Amino acid sequence: MLKLKEFLKGCCLILWLVLSSMPQCHGTHVLAVLPSVWKSHYLFGYHLLEQMVQQRNYSVTLVSPYKGGGREKSSTEMDDPRFKEIQIDGLLENWTEMGLSFDIEEMYSKSVLEHFTRLMYATTSNTDALLQSPKVRELLHSQQQFDLLVVDLFLSDALMGLSFFYQIPTVVISPSGSNTWLNQRFGNSQNAALDPSNFLAYSKHMTLWQRSVNTLMVMFEKLTYSFFHMISQQVVYTKHFEPLCQNSPWCYSLPDHKDLIQNLSLALINTHPVLQYPRAFLPNMLTIAGVHLKNDNDNELVLPTHLKEFIEEAVQGVVYISFGANVYDFPQEKIELFLDVFETLPNMRFIVKYDEDEPLEMTLNVSSKVMVQNWWPQQAILAHNNVKLFISSCGFMSVTEAINFVKPILAIPITPEQHVLARNLQEQGSAFILNYNDLSYDQLLFAINETLTNTKKYHDSLSVLKSQLTEDILGLKPMDKVINAIEMTLTTKGLKYLKTHSHHLNFWSSILMDVMLILLFGLLAILAIPFLLTSCILRKSYQNQSTTNLTMLKNQIRYQRQVNDFLSNCSNPKHRHANESGEDLSLKTVRRSSSNSDLQRKRLSSACSHSSSCFYCSSGSSSAPGTPLTRESPSFSKSLESNDTQ
């Protein structure tokens with residue numbers, strides 16, 4: 001009996017040690033915040049969290065503008081105590097009040113910069129509204145503790161204060177793929193020559209002009225994010241978490257908002273090289289496209305009875321039409337255009353996803369072949385064999401589902417990233433593109449017929465893409481990668497060994513502006529030193545030449561002055577009288593000046609204006625005028641010497 005008790009104690013001890021060493025597999029509480037008003041973002045995060053609850057028995061508290069996973073859920077699922085939803089009202093209305101509408105015409109009317117600016121204002125306003133919601137305030141003041149924060153951090157950086165408040169690591173999800181701000185927060189490098197901005201409809205093969213525009217756009221995104229958006233997020237963060245810090249005994253001071261970047265542990269990005277193109281990501285940034293896909297064995301792929309009958313009774317098949325979860329106010333002329341095409345195809349049926357009830361009366365004439373509703377089980381519809389074509393705007397989740405269920409796509413893209421995705425599919429032979437602005441009856445009818453006629457070509461291309469999408473190089477399914485990464489995050493308390501060291505660099509250092517300045521100064525020094533040396537040499541040579549020229553000029557001036565003095569003496573009466581009285585001396589001087597006296601008198605006579613009265617001129621008045629007197633003349637030099645002697 002004693003041995004049995006000791007054995008049971010030993011078993012209990014071993015069981016306790018095993019359970020205590022596996023906190024990530026049991027009793028893990030996850031706080032998820034999905035503030036985005038885009039319903040597709042909510043659906044992506046909802047399915048991810050739902051799989052975490054089902055596969056690892058996590059408990060999840062989800063805060064978002066929506067509820068119920070975008071569908072009618074059974075009472076069993078709604079009452080599941082492991083999954084709790086807190087719906088925040090008013091975020092969608094606040095979004096539209098900030099000037100961001102889901103109307104297609106308004107989307108096209110706004111420029112990129114206007115949309116970008118309004119986006120920053122709206123996200124900051126919604127983040128503030130979410131944190132000051134009474135439901136969120138009640139949650140923050142409760143004693144409930146969490147082990148992990150899962151957040152959609154699209155321009156909602158103030159929500160990182162939750163990770164500081166609960167002292168937990170953060171997992172960021174990005175339902176719309178990678179973007180400049182996500183890369184900047186995680187310190188992931190982004191090359192503007194290779195990675196187009198999400199606000200530009202550029203493919204990976206950019207021209208010189210496109211690369212120039214893309215570089216300016218990426219710089220604009222980073223500058224506005226760092227020096228405009230982050231300031232407003234800092235204000236929201238301080239407003240809501242400073243009082244919480246003051247009331248918490250463990251919080252001595254609220255850290256700067258930028259320091260919370262250390263709590264970012266993992267990024268789960270809804271992208272894949274099949275959808276976009278290969279990009280460079282850090283080890284703690286995982287691509288998980290396809291994580292929301294349903295299996296054929298899932299009950300959610302089972303269609304409602306009335307919908308299944310509608311699809312199976314179509315003679316030539318069904319065309320499914322959806323332009324996204326948040327597209328409202330589709331222009332009436334476009335709706336009429338689609339209905340006219342529907343009437344032209346009598347043996348086909350159409351399922352239309354549309355969020356407004358006003359245009360439903362327009363479908364009365366074709367009600368037997370058209371079903372319109374604001375929500376459909378999209379994956380279940382695409383999984384049916386009698387669905388022949390998917391007309392879509394080419395969102396990430398819709399394209400992933402179309403590839404998974406091998407459905408040809410007639411793409412009518414609206415946003416820039418949808419244009420890029422549609423063009424990529426067209427290049428691979430999986431989609432046919434129509435321009436929304438140029439959409440006409442003939443174009444739409446031709447595109448539908450062309451796609452249905454060449455079904456085999458599209459199916460072959462889509463089958464290749466499906467194998468590339470679903471088969472991971474490591475043999476892991478997307479959801480397996482997510483679960484393993486989250487468990488590693490909990491075990492290592494934040495995956496610190498996978499984080500980059502680039503966060504100590506400021507914005508200017510991260511773009512190598514300081515290095516560029518040093519290189520620029522170095523280049524200027526290399527060019528300036530030879531220039532300065534050459535300038536000094538030339539200046540010295542010029543100074544020497546100037547000195548020589550100045551000496552010559554002084555000599556010329558001195559000679560000219562002597563000439564002037566000589567000519568002045570010729571015209572002076574006193575000097576003339578002296579010449580008459582000293583005739584013998586002057587004659588001796590003249591005789592001594594040159595042996596060729598006749599030639600000298602001719603030159604002096606031509607240079608003197610008083611030849612009739614001058615002694616030297618009168619002596620040769622009978623001679624003809626000679627050449628002008630110059631300083632180079634030997635007679636002139638000797639005359640000057642004679643004048644100096646006198």
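Modeller: Let me start with a term: helices (H or I, at least four residues) and strands (E, at least two) are DSSP runs, numbered from the N terminus. On that basis the secondary structure of the protein chain comes to 25 helices and 13 strands. Please keep in mind that this is a predicted model, in which local features need pLDDT of at least 70 and side-chain atom pairs count only at pLDDT 80 or more, while totals for chains, interfaces and linings use all residues. Residues are numbered from 1 along each chain as its sequence is written, and side-chain values use heavy atoms, with hydrogens and water left out.

Colleague: OK, and what percentage of the 646 residues is buried?

Modeller: Buried residues make up 46% of the 646 in the protein chain, where buried means under 20% relative accessible area, exposed means over 50%, and partly exposed is in between (1.4 Å probe, protein chains only).

Colleague: Which residues have the most contacts inside the largest nonpolar core?

Modeller: They are Leu31, Val33, Val63, Leu130, Tyr166 and Trp181, in a core of 58 residues. A nonpolar core here is a set of buried Ala, Val, Leu, Ile, Met, Phe, Trp, Tyr and Cys residues joined through side-chain atoms within 4.5 Å. Its largest share, eight residues, comes from helix α10 (residues 208-246). There is also a second, separate core of 35 residues, which includes Ile311, Val318, Ala411 and Leu465.

Colleague: What does Leu130 touch?

Modeller: Not counting residues up to four places away in sequence, Leu130 touches Val33, Pro35, Val63, Ile88, Leu91, Val136 and Leu159, with contact meaning heavy atoms within 4.5 Å.

Colleague: Switching to cysteines, how many disulfides does a search of the whole structure find?

Modeller: The search finds one, taking a disulfide as a pair of cysteine sulfur atoms within 2.5 Å. Cys245 and Cys251 form this disulfide, with their sulfur atoms 1.7 Å apart. The torsion about the S-S bond of Cys245 and Cys251 is about -80°, so the disulfide is left-handed.

Colleague: Are Cys245 and Cys251 buried or exposed?

Modeller: Cys245 counts as buried at 6% relative accessibility, and Cys251 counts as buried at 8%. Elsewhere, Cys394 is buried with a relative accessible area of 1%, whereas Cys536 is partly exposed at 44%.

Colleague: Now the helices: at what angle do the axes of α16 and α17 cross?

Modeller: The axes of α16 (residues 441-453) and α17 (residues 455-470) cross at roughly 70° and come within 5 Å. Axes are lines fitted to C-alpha atoms, for helices over the stretch in contact, and angles run from 0 to 180 degrees between N-to-C directions. The two helices are therefore roughly perpendicular to each other, given that angles under 35 degrees count as roughly parallel, over 145 as roughly antiparallel, 65 to 115 as roughly perpendicular and the rest as oblique.

Colleague: Which residues meet there?

Modeller: Glu450, Thr451, Leu452 and Thr453 in α16 meet Thr455, Lys457 and Tyr458 in α17.

Colleague: And where does Asp460 lie?

Modeller: Asp460 lies in helix α17 and counts as partly exposed at 41% relative accessibility. Asp460 and Gly429 are 31 residues apart in sequence, and their C-alpha atoms are 8.9 Å apart in space.
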